[in-house]
Amino acid sequence: MSRKGWIVWGVIAGIVLSLAWARPTAEAATGDAFVARIQLTGPIGPATAEYVDSAIAHANDDGAKAVVLQMDTPGGLLDSMRDIIAAILASKIPVLGYVAPGGARAASAGTYILYACPIAAMAPATHLGAATPVDIGGRTPMPSPLNNIAPASSKSSDKNGGDAASDAENNKILNDAIATIRSLAQMHGRNATWAEQAVRGAATLTADEAVAQHVVDFIAADTTAVLMQADGRTVRVDGATVKLSLRGLPVRDYLPNWRARFLGVITNPTIAYVLLLAGIYGLILEAFHPGSFYPGVTGGICLLVGLYALQLLPVSYAGLILMLLGVMLLLTEVFVSTAGVLGVGGVIAFVLGSVMLFRTDVPGYAVNLGVIAGIAFCAMVILLLLLRLVMRARRARAFNGDDQMLQDTGELLQAIAAGGEGWARIGGERWRVQSEAALPAGARVRVIGRQGLLLRIIATHVREGESS
């Protein structure tokens with residue numbers, strides 16, 4: 001790469017690093033008291049957890065009186081949820097959970113986060129609940145209140161090889177989730193019984209029902225109403241009792257920084273999947289065309305970014321291995337013709353691996369099936385074109401060999417004495433030839449025999465004024 005190219009890449013890397021570690025942006029700071037607002041929207045994942053944790057920490061550093069955590073989420077990953085809860089509990093200022101706007105939800109992991117907040121509020125026409133944990137690595141049956149009661153036929157079910165172990169693992173996950181949400185409910189004096197129902201039986205509540213059952217504190221139409229209704233309440237924050245004084249305070253939005261936005265993009269399973277494939281095929285193109293650099297550099301960057309995203313996501317390594325096997329089989333079909341057997345097997349392995357790559361029921365954390373279908377269709381089209389070319393090549397007549405050579409004609413490039421050797425252009429190639437008769441340069445000749453790389457020729461046409 002040229003010196004100028006290295007300078008450009010260095011500048012780009014510097015900008016990326018400076019933006020990556022920039023703090024979450026807020027409105028212009030003033031010396032007056034204010035309330036910070038954080039928007040938690042969409043599935044809860046590593047990028048969301050990092051954004052919320054960083055924003056709460058910076059709101060504490062900036063002297064905010066409180067944080068309003070506005071949520072609209074279908075749930076998310078367990079580890080990311082726990083990171084957000086830890087950030088809320090470690091905050092020196094109160095965090096007010098608020099499910100908004102109208103039509104929003106705090107489902108699954110969102111319910112736990114709402115219970116972790118000292119103040120919980122909901123906008124009209126919102127709901128929460130369905131907090132049953134889902135086993136990312138495999139199947140988890142929907143638990144119910146009857147799950148803790150062993151049926152009379154349980155002995156027969158234990159005979160099925162892994163059923164007992166699977167049930168034990170599911171019970172561990174379920175009981176841990178119940179203990180987590182009950183402890184959060186008891187910390188802030190909320191309805192722990194319903195919290196257990198939300199985990200054990202996937203119960204849900206509307207905003208009005210949540211207030212009536214003392215799951216949330218109140219209903220508020222907007223953030224201003226949340227601050228007004230929270231004003232004067234006493235809550236526990238960081239082990240101490242705090243009386244809130246929030247009425248009329250301005251609200252300052254803390255937006256995700258560049259790093260959080262970047263993580264949010266690459267940790268989208270479909271984006272991570274495409275980055276992984278782009279990296280693999282970029283390196284393959286570089287191997288087939290060494291020295292082109294661009295496919296190799298682009299493929300290497302995409303592969304590293306994709307692998308970084310995968311290590312943040314719940315990945316099935318069996319699915320990843322199947323994808324790589326599928327790509328290898330497709331490449332093998334290019335070099336070793338098997339009438340499409342390896343190619344078809346490669347497409348099947350690739351599709352199965354793609355479907356298995358993210359084995360989770362968490363909304364927003366699965367590869368888009370349309371993308372998988374599109375890539376598989378392109379692979380099949382390429383495979384069919386390859387097979388067609390192979391079949392045409394097999395049916396085509398030979399372009400070399402003794403039989404074909406005996407029909408070829410050409411032009412003598414130099415004069416040849418009787419019984420001597422020289423060079424001729426035959427079939428667009430230079431060949432060493434031998435003639436029993438003397439022939440002038442430029443004579444038209446025909447091949448009558450072959451001995452290795454030496455062709456025997458006779459004249460078919462001699463220019464006027466020359467004799468053979």
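Two strands pair if DSSP finds at least two bridges between them. The views below are close-ups of a predicted model.

**View A. The hairpin of β14 and β15.** Strand β14 (residues 421–426) and strand β15 (residues 429–435) run antiparallel and are joined by six bridges. Two residues lie between the strands of this hairpin, where Gly-427 takes a positive phi near 60°. Trp-423 has Arg-432 in β15 as its bridge partner. The ring of Trp-423 also has a charge over it: the charged end of Arg-430 sits 5.1 Å from the ring centre.

**View B. A charge over the ring of Phe-34.** The charged end of Arg-252 sits over this ring, 3.5 Å from its centre.

View C. The structure holds two aromatic pairs. In the pair formed by Trp-258 and Phe-262, the ring centres are 5.2 Å apart and the planes are at 5°, so the pair is stacked. Both residues belong to helix α10 (residues 258–266) and are four residues apart, about one turn of the helix. An α-helix has 3.6 residues a turn, so residues three or four places apart point the same way. Trp-258 is partly exposed, at a relative accessible area of 33%. Phe-262 is likewise partly exposed, with a value of 34%.

View D. Tyr-273 counts as buried because its relative accessibility is 0%, and buried means under 20% relative accessible area. Phe-350 is buried as well, with a relative accessible area of 3%.

**View E. Helix α7 and the residues at its ends.** Helix α7 spans residues 192–200, and its buried residues are Ala-192, Trp-194, Ala-195, Ala-198, Val-199 and Arg-200. Asn-191 caps the N-terminal end of α7, with a side-chain oxygen 3.1 Å from the backbone nitrogen of Thr-193. After α7 comes Ala-202, which has a positive phi near 55°.

Definitions and conventions
Residues are numbered from 1 along each chain as its sequence is written. This is a predicted model: local features need pLDDT of at least 70, side-chain atom pairs count only at pLDDT 80 or more; totals for chains, interfaces and linings use all residues. Side-chain values use heavy atoms; hydrogens and water are left out. Buried means under 20% relative accessible area, exposed over 50%, partly exposed in between (1.4 Å probe, protein chains only). A polar contact is a pair of N or O atoms within 3.5 Å; within protein, one must be able to donate a hydrogen and the other to accept it, and residues adjacent in sequence count only if both atoms are side-chain atoms. Rings of Phe, Tyr and Trp (its six-membered ring) pair if their centres lie within 6.5 Å; planes under 30 degrees apart count as stacked, over 60 as edge-to-face and the rest as tilted. A charge sits over a ring if NZ of Lys or CZ of Arg is within 6 Å of the ring centre and within 35 degrees of the ring normal.
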